[in-house]
Structures are given as C-alpha cells and as structure tokens.
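Here are my notes on this model, point by point. Please read them with the structure open.

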Amino acid sequence: MERYDPERSTYGFTVAAAIEAVPSARRQVTALVGKLGFSISDETVETVELLAGEVIANAVLYSAAPCDVAVTRTDERLRVEVKDTDPLLPSVVEAGPNDERGRGLLLVDALADAWGVQSEYPGKTTWFEIAPEPLPESSGHDSDGAPSSGAVSVRRSDRGGGLEPRTPPVLAGTGERQQAA
C-alpha cells in the first residue's frame, strides 16, 4: 500500500520479505518518481530502477523481513531509502568473475550521485541519490545535510571518478558477517 508524506514530498511503501517482490518494488519506485514531478531521461529512470532493485534485494535477502521504501524529492535530487531490520551495515566488496552475488553496491557506488547507510534500531536505512539533471559544478550544491553520527556515505569525486568518504566509516563489528549486494 502506497503512503504519501506531503511535508517531506515523500512516497513510501512496504516490500514483502520475498525476493520475488523485488521486480514489482523497483517498478513501483520508478512510478513514484513521476509522481514527484521529476522530468528525467529514460536512461536515468533505468538507473534508478536498477539501483532500487539492488538495495531492495539486499534488504530482503539479508533481513528476511519486509522492508520499507521511501522515494523523496530533495534539493532537486531524487532520494531512495530502504529501511530493513538487519543491524549489520553493508559494504562494497569485489566479486570474482564467477560469483553470483557481490556487485550490487558496486553498481550503487558507481552510478549514484551519493549513497550511504544510517544505523537505526533495530536495523538500518540504506539510501542513494540521483540528480535528474547535472548540477552546475560551480554552485557548490550538495545533498541536504550531512548524515548524523553512525552513518556512512560516499559521493562521486571529480578526481579520477573515485569516491571520497564524507564521514568516517562505521564498522559492523568484529566477527559479524559483512553483507554484499
């Protein structure tokens, strides 16, 4: 069931705890983008759909519980947030050529304008942002507000296409599994 918060310009919905629910959920994300008034290219819609699918699939696979998805318009960016009940923070890993998993966050890392993870009891929120139209570099415009303590986020760097950390990384803890997309 779709929800709307007019104060935040946010649409949201819950995804069932089944990997089979992911394709429908990512299509619902792209439908909500239109409701927020974005006029974006087909290529950007495909990118949003791909990244939403990766983040939602991680939430469903690793939490084995329903997850909540929020699609928000903020500072001329599209923000997709996925809240799940797994307290372990995801990390970008290098997948081998024969690995069936492990590339999702690499895609998010490469294609999103910004992304991050916020610890929230009992789990976390993983988010990404996409700018529908490129923002002028001279504007100094960045996403609204830095994440609070306990958050990890990254953004694209203008130097060599790499990533620059925006806040110190948060460790998931010794002996805990690291989840990969």
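1. Start with the S3–S4 hairpin. Strands S3 and S4 form this hairpin with 2 residues between them. Asp75 sits in the turn and has a positive phi of about 45 degrees. Keep in mind that this is a predicted model.

2. Next, the pairing inside the hairpin. S3 covers residues 67-74 and S4 covers residues 77-84; the two run antiparallel and are joined by 7 bridges. Which residue of S4 is the bridge partner of Ala70? It is Glu81.

3. S3 also pairs with strand S2 (residues 10-15). The sense is again antiparallel, and 6 bridges link S2 and S3.

4. Is S3 mostly covered or mostly open? Mostly covered: of its 8 residues, 6 are buried.

5. Now the helices. H2 spans residues 42-63 and H3 spans residues 104-111. Their axes come within 9 Å and cross at roughly 140 degrees. Angles over 145 degrees would count as roughly antiparallel, and 65 to 115 as roughly perpendicular. H2 and H3 are therefore oblique to each other. The crossing of H2 past H3 is left-handed.

6. Who touches whom in this helix pair? From H2 come Thr47, Leu50, Leu51, Glu54, Val55 and Asn58. They meet Gly104, Leu105, Leu107, Val108 and Leu111 of H3. By class, the H2–H3 contact holds 7 nonpolar, 3 polar and 1 charged residues.

7. Some backbone angles deserve a check. Most residues other than glycine have a negative phi, and most peptide bonds are trans. Ser9 is not a glycine, yet has a positive phi of about 50 degrees. Ser9 lies in the loop between strand S1 (3-5) and S2. Its relative accessible area is 28%, so Ser9 is partly exposed.

8. Ala64 is another case. Its phi is positive, near 55 degrees, in a residue other than glycine. Ala64 is found in the loop between H2 and S3. Is Ala64 buried or exposed? The cut-off for exposed is over 50%. Ala64 has 63% relative accessibility, so it counts as exposed.

9. Last, a peptide bond. The one from Tyr121 to Pro122 is cis, with omega near 5 degrees. Pro122 is placed in the loop between strand S5 (114-120) and strand S6 (123-130).

Conventions. Residues numbered from 1 in each chain as written. Predicted model: local features only at pLDDT ≥ 70, side-chain atom pairs only at ≥ 80, totals over all residues. Heavy atoms only, no water. Axes fitted to C-alpha atoms, helices over the stretch in contact; angles between N-to-C directions. Helix = DSSP H or I, 4+ residues; strand = E, 2+ residues; numbered from the N terminus. Parallel < 35°, antiparallel > 145°, perpendicular 65-115°, else oblique. Left-handed = near helix turned anticlockwise from the far one by under 90°. Contact = heavy atoms within 4.5 Å. Nonpolar A, V, L, I, M, F, W, Y, C, P; charged D, E, K, R; others polar. Buried < 20%, exposed > 50% of the residue type's maximum accessible area, 1.4 Å probe, protein only. Pairing = 2+ DSSP bridges.
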